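Look at the sequence and the structure first, then read on.

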2 protein chains.
Amino acid sequence: MIKNYRLIISYDGTNYSGWAGQKNTDKTVQGKIEKTLERLLGVGQGELSLTGAGRTDSGVHANAMTANVHLDTEMSPEDIRKKLNRYLPEDICIKEIDIVSDRFHSRYNAKGKTYVYTCYAGDGKPVFDRKYVYALDRQPDIEAMRRAAAYLVGTHDFMCFCGNSKMKKSTVRTINGLDIDRRGDYITFTVSGDGFLQNMVRIIVGTLLETGFGLRSAENIAEVLDARDRSKAGFTAPAQGLRLEKVYY
Amino acid sequence: MIKNYRLIISYDGTNYSGWAGQKNTDKTVQGKIEKTLERLLGVGQGELSLTGAGRTDSGVHANAMTANVHLDTEMSPEDIRKKLNRYLPEDICIKEIDIVSDRFHSRYNAKGKTYVYTCYAGDGKPVFDRKYVYALDRQPDIEAMRRAAAYLVGTHDFMCFCGNSKMKKSTVRTINGLDIDRRGDYITFTVSGDGFLQNMVRIIVGTLLETGFGLRSAENIAEVLDARDRSKAGFTAPAQGLRLEKVYY
């Protein structure tokens with residue numbers, strides 16, 4: 001009997017061209033898991049289709065991506081999880097698998113997501129976590145960034161923070177929270193919202209950092225939002241500092 | 001004027017054949033720093049000699065290796081540090097540099113060292129720190145390991161825990177502390193002592209894990225010590241889980 005399985009997945013995105021991609025699926029996390037599942041269950045190549053809650057850019061990590069897949073197997077979810085983890089490369093881990101309602105769809109049913117962006121602002125070099133942080137060469141003003149971030153919370157047209165210039169659908173999204181914290185040498189941006197446009201978190205972080213560096217005022221963020229013009233926002237912070245923290249349903 | 005500089009260095013040992021080595025020095029951390037310093041100060045290749053507090057095996061990491069080098073330069077220590085960090089690869093960081101007494105010798109003056117060995121004993125996979133931990137496939141009994149570890153604290157002949165079968169010098173060492181802690185999915189072995197033989201911490205951890213897995217009794221450790229025979233001790237735990245935490249003077 002075909003059942004619907006929900007997977008919670010963590011991955012180091014360093015060596016992948018993102019969660020999903022049109023072309024070489026062997027270089028995507030989704031493609032890697034699909035192929036491993038197909039081999040594990042002995043079904044033909046390309047027969048299984050894993051649906052993720054959203055895409056992550058090339059090089060972006062995930063602490064807990066949610067995905068679902070319909071499988072016809074008698075293997076227990078725990079057995080599938082353990083075997084999958086053994087066959088998958090060491091940069092992908094299936095944290096949980098359970099059987100859910102046939103109607104569950106990891107993308108359509110997602111109510112929101114939390115992303116965390118991590119910067120290193122110490123005096124040395126982040127030797128051990130260098131692939132998961134963006135190392136800054138200056139100290140940003142945290143308070144200035146917080147003032148700027150306040151303008152982004154709420155429902156807005158985030159066109160200016162969208163990396164896809166050909167985006168035809170609505171660019172209106174709601175950000176429920178945007179917290180900036182400093183702990184020792186690390187600065188984290190925790191962004192929660194109902195949905196995110198391509199590169200949105202990375203452009204928000206780049207723009208906030210420009211505020212923190214004194215290159216634009218906190219108030220300028222309101223103008224950027226109003227402009228609905230990508231060129232008015234800041235740079236796209238590097239992918240490596242970003243991770244999808246959690247998907248809400 | 002030639003002055004003596006002390007360096008505190010952290011490195012990810014994954015891509016190096018250890019701190020020092022006879023042959024290809026470009027693949028050692030010491031060789032890498034020496035060459036970078038030579039280029040920075042414009043002195044001939046092979047002229048500078050960086051002395052480390054001790055060697056670390058291929059693949060072993062360091063949070064704070066101490067080293068010293070005699071340099072003839074007018075550059076400030078802080079300037080040297082910043083420039084070195086810029087030119088060194090991202091897996092090596094010079095955390096501190098200061099001028100010390102001419103007589104300071106990082107190896108001869110070292111009074112002791114602390115090593116930390118980290119195991120992952122969770123149900124998933126250590127995706128983000130996989131290069132810095134040893135992932136176990138079973139749950140070791142922490143209390144049994146602590147009972148066994150107690151036999152190792154003090155001054156003993158650690159011949160059985162020495163990876164160099166041709167060792168001709170004394171194999172007597174003093175272990176001041178050997179703490180085993182569990183925090184969530186991670187088990188750490190913190191070992192402090194006046195000096196360590198080749199592979200010593202890794203063989204100790206391997207032997208303690210065998211105790212934790214019920215393959216040998218805690219009391220057996222006393223017999224192993226008495227035997228002075230490497231074959232009586234356990235396996236050599238993989239290099240990647242080990243880091244030199246600190247050197248004491």
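## Inside chain A

Between domain 1 of chain A and domain 2 of chain A, the count is one salt bridge. It pairs A:R202 with A:D57. Their closest N and O atoms are 2.8 Å apart. On the side of domain 1 of chain A that touches domain 2 of chain A, five residues are nonpolar, eight are polar and three are charged. Keep in mind that this is a predicted model.

Domain 1 of chain A gives 16 residues to the contact, and domain 2 of chain A gives 15 residues.

## Area and polar contacts between the domains

The size of an interface is often stated as the accessible area lost when the parts come together. For domain 1 of chain A and domain 2 of chain A, the buried area is about 1100 Å². Carbon and sulfur atoms carry 53% of it. Nine residue pairs are in polar contact between the two domains, with both residues at pLDDT 80 or more.

## Two copies, one axis

Now bring in chain B. A rotation of 180 degrees places chain B on chain A, with 0.0 Å of shift along the axis and an RMSD of 0.0 Å. The two copies are therefore related as by a two-fold rotation axis. In chain B, B:D129 has the C-alpha nearest the axis, 4.0 Å from it. Both copies use the same surface: 100% of the contact residues of chain B recur in chain A.

## Where chain B meets chain A

How many residues does each chain give to the contact? Chain B gives 24 residues and chain A gives 24 residues. Together the chains bury about 1900 Å², with 52% of it on carbon and sulfur atoms. B:K125, B:F128 and B:R130 supply 39% of the area that chain B buries against chain A, more than any other three residues.

Six salt bridges link chain B and chain A. One salt bridge joins B:E90 to A:R130, with the closest N and O atoms 3.5 Å apart.

Which elements give two or more residues to chain B's side? They are β1 (2-11), β3 (61-72), α2 (77-87) and β4 (92-100) of chain B. The largest share, four residues, comes from α2(B). By type, the side of chain B that touches chain A has nine nonpolar, five polar and 10 charged residues.

Notes. Residues numbered from 1 in each chain as written. Chains lettered and ligands numbered in written order. Predicted model: local features only at pLDDT ≥ 70, side-chain atom pairs only at ≥ 80, totals over all residues. Heavy atoms only, no water. Contact = heavy atoms within 4.5 Å. Buried area = accessible area lost by both parts, 1.4 Å probe. Salt bridge = Lys/Arg side-chain N within 4 Å of Asp/Glu carboxyl O. Polar contact = N/O pair within 3.5 Å; in protein donor to acceptor, adjacent residues only side chain to side chain. Nonpolar A, V, L, I, M, F, W, Y, C, P; charged D, E, K, R; others polar. Least-squares fit on C-alpha atoms with pLDDT ≥ 70 in both.
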